[in-house]
Amino acid sequence: MRPTQALNGGGAPNWKVGHWLGDWGSFGGSKQKGIIHYGISANRQNPTAGMVHDAFFNTFRRTKGQIFYWLPPLVAGYYLMQWATERNHYLQSKAGRAEFGDEAE
């Protein structure tokens, strides 16, 4: 019985399976030079640094860019609902029933 590629060494090239590109992260190309990566441990960082400041100014920036898309329909809907509510109260009042009562039914 022939062992699988993982049992055969995993990282070793197997020309029967296909072309070998290299291990993960180095797919057969030349090594990169001159790239320096600095990192800091997750437990040494402050994840909430500037959170309130950034949230306030980011919200302001995004609202400023979108306000003319949602404010006019919101205002129009508010005034339409206000008119409909007042109209309904008038039609259900004594004066409204006297004026439009004969048209019902």
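The exercises below, each with a worked solution, concern a predicted model of a protein chain.

**Exercise 1.** Determine how many helices and strands the protein chain has, and what share of its residues count as buried.

*Solution.* Begin with the secondary structure, where the protein chain shows two helices and zero strands.

**Exercise 2.** Compare the span of helix H1 with that of a straight helix of 41 residues, and find where H1 bends.

*Solution.* Locate the element first: H1 covers residues 51–91. At 1.5 Å a residue, a straight helix of 41 residues would span 60 Å, whereas the end C-alpha atoms of H1 are only 52 Å apart. Then look along the helix for a bend, and one of about 60° is found at Gln66.

**Exercise 3.** Classify the two aromatic pairs of the structure by their ring geometry.

*Solution.* The structure holds two aromatic pairs. For Phe56 and Phe57, the ring centres lie 5.0 Å apart and the planes meet at 80°, and because an angle over 60 degrees counts as edge-to-face, the pair is assigned to that class. The pair of Tyr78 and Tyr79 is likewise edge-to-face, with 5.5 Å centre to centre and 75° between the planes. As for accessibility, Phe56 is exposed at 54%, Phe57 is partly exposed at 44%, and Tyr79 is exposed at 55%.

**Exercise 4.** Identify the residues of the nonpolar surface patch, and decide whether Trp70 is buried, partly exposed or exposed.

*Solution.* The patch is formed by Tyr69, Trp70, Leu71, Leu74, Val75, Tyr78 and Tyr79, which together have about 780 Å² of accessible area. Trp70, which is found in helix H1, has a relative accessibility of 40%, and since this value lies between the 20% and 50% cut-offs, Trp70 counts as partly exposed.

Methods:
Residues are numbered from 1 along each chain as its sequence is written. This is a predicted model: local features need pLDDT of at least 70, side-chain atom pairs count only at pLDDT 80 or more; totals for chains, interfaces and linings use all residues. Side-chain values use heavy atoms; hydrogens and water are left out. Patches are made of residues with over 30% relative accessible area and no salt bridge: like charges are joined within 9 Å, nonpolar side chains (Val, Leu, Ile, Met, Phe, Trp, Tyr) within 5 Å. Accessible areas come from the Shrake-Rupley method with a 1.4 Å probe; for residues, only the protein chains shown count as cover. A salt bridge is a side-chain nitrogen of Lys or Arg within 4 Å of a carboxyl oxygen of Asp or Glu. Helices (H or I, at least four residues) and strands (E, at least two) are DSSP runs, numbered from the N terminus. Buried means under 20% relative accessible area, exposed over 50%, partly exposed in between (1.4 Å probe, protein chains only). The expected span of a helix is 1.5 Å times one less than its number of residues. The bend at a residue is the angle between axes fitted to the seven residues ending there and the seven starting there. Rings of Phe, Tyr and Trp (its six-membered ring) pair if their centres lie within 6.5 Å; planes under 30 degrees apart count as stacked, over 60 as edge-to-face and the rest as tilted.
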